[in-house]
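Q: I have a model open and I'd like to learn how to read it feature by feature. Can you take me through it?

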Amino acid sequence: MIKQTLQDAINEQINKEIFSEYYYLSMVAYFESEDLPGFAQFFKVQVEEERFHGMKFFDYLNERGGKVILKGIENPKTDFESPLQVFELAYKHEQYVTELINNLMDITIKENDHALRSFLQWFIDEQVEEEATMSKYVNQLKRINGNGQGLIMLDRELAQRIFVPPVK
Ligand code: FEO
């Protein structure tokens with residue numbers, strides 16, 4: 001059985017992961033409206049990743065005999081100015097998620113839950129990749145600097161992204 005403090009913290013994280021899914025879906029909508037299908041595809045895959053993260057916590061809490069309590073999802077931002085702004089926001093969001101995961105790990109260590117600590121390590125590593133991906137495209141878009149041809153080329157590259165469910 002998992003401690004109440006940890007159950008509450010995991011339920012909070014499930015909410016944040018599902019919010020992330022919703023936030024990125026809002027970015028998909030923006031790119032669809034801008035006729036940038038490759039950028040939209042990139043964020044569709046991100047939506048699937050976030051669903052995977054949320055469900056990973058969801059399944060784990062059940063496995064530990066905890067109770068999943070779903071809460072309301074915050075409204076995501078719906079107006080975006082440019083592809084660069086979207087990636088800057090996504091990068092900032094991933095940094096925020098990293099902070100949440102680190103806090104969750106801190107509570108876990110304090111509560112001395114070794115099993116949860118082992119489970120969370122996957123997320124600690126995953127966040128390094130999440131931040132690196134967003135940061136890479138922020139830098140590329142800065143170099144493109146609004147150039148139409150550059151954007152089309154990047155759109156073609158991003159169209160190749162597919163969701164591969166990580167090995168659990
Ligand atoms: Fe679930 Fe993108 O962190």
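This is a predicted model: local features need pLDDT of at least 70, side-chain atom pairs count only at pLDDT 80 or more; totals for chains, interfaces and linings use all residues.

Q: What about Thr-133: where is it placed?
A: Thr-133 is in helix α4. With 22% relative accessibility, Thr-133 counts as partly exposed. Now set sequence against space: Thr-133 and Phe-42 are 91 residues apart in sequence, and 11 Å apart in space from C-alpha to C-alpha.

Q: How do I describe two packed helices?
A: Take α3 and helix α4, residues 114–144, which pack at an angle of about 160 degrees with axes 9 Å apart. That makes α3 roughly antiparallel to α4, since angles over 145 degrees get that label. The crossing of α3 and α4 is left-handed.

Q: And what are the angle and the distance for α2 and α3?
A: Their axes come within 13 Å and cross at roughly 15 degrees. That makes α2 roughly parallel to α3, because the cut-off for that label is under 35 degrees. The handedness here is left-handed, for α2 passing α3.

Q: On to the backbone. Which residue has a phi near 55 degrees?
A: That's Asp-35, where the value is positive in a residue other than glycine. Asp-35 lies in the loop between α1 (4–33) and α2. Its relative accessible area is 65%, so Asp-35 is exposed.

Q: What is phi for Asn-112?
A: It's near 60 degrees, again a positive value in a residue other than glycine. Asn-112 is placed in the loop between α3 and α4. With a relative accessible area of 54%, Asn-112 is exposed.

Q: Next, charged pairs. How many salt bridges does the structure hold?
A: Six. What you look for is a side-chain nitrogen of Lys or Arg within 4 Å of a carboxyl oxygen of Asp or Glu. One case is Glu-12 with Lys-71, whose side chains meet at 3.0 Å, N to O. This pair links distant parts of the chain, with Glu-12 in helix α1 and Lys-71 in the loop between α2 and α3, 59 residues apart. As for cover, Glu-12 is partly exposed with a relative accessible area of 33%, and Lys-71 is partly exposed at 43%.

Q: Which residue's side chain meets that of Glu-21 in a salt bridge?
A: Arg-51, at 3.1 Å from N to O. Here too the pair links distant parts of the chain: Glu-21 belongs to helix α1 and Arg-51 to helix α2, 30 residues apart. Check each partner's accessibility separately. Glu-21 is buried, with a relative accessible area of 13%, whereas Arg-51 counts as partly exposed at 44%.

Q: And what is the N to O distance between Glu-32 and Lys-44?
A: In that salt bridge it's 3.2 Å. Glu-32 lies in helix α1 and Lys-44 in helix α2, so the pair ties together parts that are 12 residues apart in sequence. Glu-32 counts as partly exposed at 38% relative accessibility, and Lys-44 is partly exposed with a relative accessible area of 36%.

Q: Last one: which residues make the nonpolar surface patch?
A: A patch like this takes residues with over 30% relative accessible area and no salt bridge, with nonpolar side chains joined within 5 Å. In this structure the members are Tyr-22, Leu-25 and Ile-73, and the patch has an area of about 260 Å². Look at Ile-73, found in the loop between α2 (37–63) and α3 (83–110). At 33% relative accessibility, Ile-73 counts as partly exposed.

Technical notes. Residues are numbered from 1 along each chain as its sequence is written. Side-chain values use heavy atoms; hydrogens and water are left out. Patches are made of residues with over 30% relative accessible area and no salt bridge: like charges are joined within 9 Å, nonpolar side chains (Val, Leu, Ile, Met, Phe, Trp, Tyr) within 5 Å. Accessible areas come from the Shrake-Rupley method with a 1.4 Å probe; for residues, only the protein chains shown count as cover. Helices (H or I, at least four residues) and strands (E, at least two) are DSSP runs, numbered from the N terminus. Buried means under 20% relative accessible area, exposed over 50%, partly exposed in between (1.4 Å probe, protein chains only). Axes are lines fitted to C-alpha atoms, for helices over the stretch in contact, and angles run from 0 to 180 degrees between N-to-C directions. Angles under 35 degrees count as roughly parallel, over 145 as roughly antiparallel, 65 to 115 as roughly perpendicular and the rest as oblique. A crossing is left-handed if the near helix is turned anticlockwise from the far one by less than a right angle, and right-handed if clockwise.
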